[in-house]
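Open the model in your viewer. This short tour tells you what to select next.

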Amino acid sequence: MPKTKTVYVCNSCGTISPKWQGRCPDCGEWNTYVETADAPKVIGASTSALPAQAQQLTAVSTDGLARYPISLGEMSRVLGGGVVPGSLVLIGGDPGVGKSTLLLQVASLMCATLPSVLYVSGEESIHQIRLRASRLGPIPESLWVLSETSIGAIADHIQRSSPGLVIVDSIQTMYSEQVESAAGSVSQVRDCTMALMRLAKGSGVPIFLVGHVTKEGAIAGPRVLEHIVDTVLYLEGDRFHQFRLLRAAKNRYGSTNEVGVFEMTQEGLEEVPNPSEAFLSERPEDTVGSCVGVLMEGSRPLLVEVQALTSYSGSGLARRTGNGLDYNRLLLLTAVLGKRVGVALGDQDIYVNVVGGLRLEEPAADLAVAVAIASSASGRAVRPETVHIGEVGLSGELRSVPHLERRLAESAKLGYTRAVCSRTARKQQAPAGLQLVQAATLAEAIGHSLEAPQQARRITG
Ligand SMILES: Nc1ncnc2c1ncn2[C@@H]1O[C@H](COP(=O)(O)OP(=O)(O)OP(=O)(O)O)[C@@H](O)[C@H]1O
Ligand SMILES: [Mg+2]
């Protein structure tokens with residue numbers, strides 16, 4: 001038996017040290033060293049006494065790399081086309097966003113292709129799981145549940161019953177007898193994940209792990225957790241809105257560009273086949289302060305409604321509130337509107353909301369935000385059937401954005417007939433039926449976007 005010794009591991013970068021250190025010499029982070037009972041085992045390290053043998057890469061078989069299809073198309077796409085045997089997939093997300101629901105659905109659906117699926121829960125009783133499953137639809141006979149938190153007992157069970165797929169909900173509730181600290185601690189989470197990794201690679205059983213996220217939105221536990229697993233997915237969305245986005249942050253078996261869109265319903269997460277249509281479904285026509293922009297969510301264009309409301313502040317300090325966009329970006333656009341376009345916003349409170357719980361991460365949505373604010377401030381409605389695509393620069397110039405062609409094609413598909421974009425856009429990029437309106441500056445774009453003052457109809461802002 002090798003002797004157990006105490007080592008210290010950096011929580012941030014995984015550096016191992018024989019003694020505790022206040023600051024990690026590798027990553028420079030403070031107070032990240034935690035005590036662990038044993039030196040972490042290196043995954044894949046040979047334990048045999050035989051000398052290591054390299055293989056010609058061409059001689060390595062590709063058998064077993066076939067994927068198991070999931071009949072939940074949005075999930076399958078995000079994974080890169082199905083579940084790879086022996087892969088370890090981590091799914092993170094805010095509390096209550098629907099992680100357990102999604103994985104229970106995946107478990108049920110996978111029973112159609114695999115001989116059996118094991119759902120291990122350390123958080124909920126099997127009765128709670130049963131209640132949720134009854135809500136989600138018919139329960140297959142080959143779906144097994146286990147309420148257990150000991151990783152050793154789970155590993156034993158998996159080895160004995162050899163299920164086709166395992167789901168562990170959640171990694172923070174699991175504990176390993178080999179580590180002294182409490183479940184959920186950094187060393188426990190790391191050790192349990194490593195144990196599951198060895199199990200997945202050794203047996204070829206794919207394992208899905210649920211991971212809690214911290215207040216900042218990162219998966220709780222050591223940063224190395226994301227390095228250990230093959231795929232990291234995030235289920236995003238606001239609990240108070242029905243839409244959920246599933247994104248890949250890392251994928252060893254596929255692109256990280258894909259995004260799955262779901263809707264939370266009584267029967268669980270339902271795929272949204274046409275997200276743009278869903279996000280715009282409640283958009284009021286010709287309303288002041290409402291503007292449509294086109295985002296790229298991964299490789300897929302998505303039309304989104306941006307709403308703005310400006311109102312006289314009364315107090316000396318005007319408020320700027322953005323829901324679904326970066327606060328600093330909102331300040332920047334407000335400043336450009338004031339200084340370069342001449343929209344007087346100094347004494348106006350500004351509220352901007354992105355409909356459906358979506359977040360505008362891309363500068364390509366700048367134009368839609370700026371036009372929505374200008375529309376509310378002037379009381380002029382945005383012209384109907386018009387989409388807005390463009391980044392706004394500090395000099396008030398309108399800049400080009402990537403994937404314009406795909407954004408325009410999606411707009412045309414949804415019946416939009418005008419697209420306001422930068423001067424660099426080429427006519428041939430626009431599909432038939434979509435008029436390209438080019439503008440060099442934000443001021444020019446606003447001129448093309450808003451109705452003439454006498455035509456303003458319903459005023460809400
Ligand atoms: N009867 C119901 N009808 C519709 N939606 C429901 C119902 N019950 C639960 N939900 C939805 O499911 C969500 C909870 O889902 P779930 O338990 O899968 O989340 P989770 O991400 O696993 O949460 P946790 O982090 O607490 O484990 C709720 O926020 C709610 O939106
Ligand atoms: Mg859960």
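Start by selecting Glu74 and Arg300. Both residues are buried, meaning under 20% relative accessible area, with exposed being over 50% and partly exposed in between (1.4 Å probe, protein chains only).

Before you go on, note that this is a predicted model: local features need pLDDT of at least 70, side-chain atom pairs count only at pLDDT 80 or more, and totals for chains, interfaces and linings use all residues. Residues are numbered from 1 along each chain as its sequence is written, chains are lettered from A and ligands numbered from 1 in the order in which they are written, and side-chain values use heavy atoms, leaving out hydrogens and water.

What joins Glu74 and Arg300? A salt bridge, with the closest N and O atoms 3.0 Å apart. The term means a side-chain nitrogen of Lys or Arg within 4 Å of a carboxyl oxygen of Asp or Glu. Glu74 sits in helix H1 (residues 73–79) and Arg300 in strand S14 (residues 300–312), 226 residues apart. Helices (H or I, at least four residues) and strands (E, at least two) are DSSP runs, numbered from the N terminus.

With Glu74 and Arg300, they are linked in a network of salt bridges.

Next, select Glu236 and Arg247. Their side chains form a salt bridge at 2.7 Å, N to O. Glu236 is partly exposed, because its relative accessibility is 31%.

Last, select Lys413 and Glu410. Their salt bridge has its closest N and O atoms 3.4 Å apart. Both lie in helix H10 (residues 404–413), three residues apart, so about one helical turn separates them. Lys413 is exposed at 62% relative accessibility, whereas Glu410 is buried at 9%.
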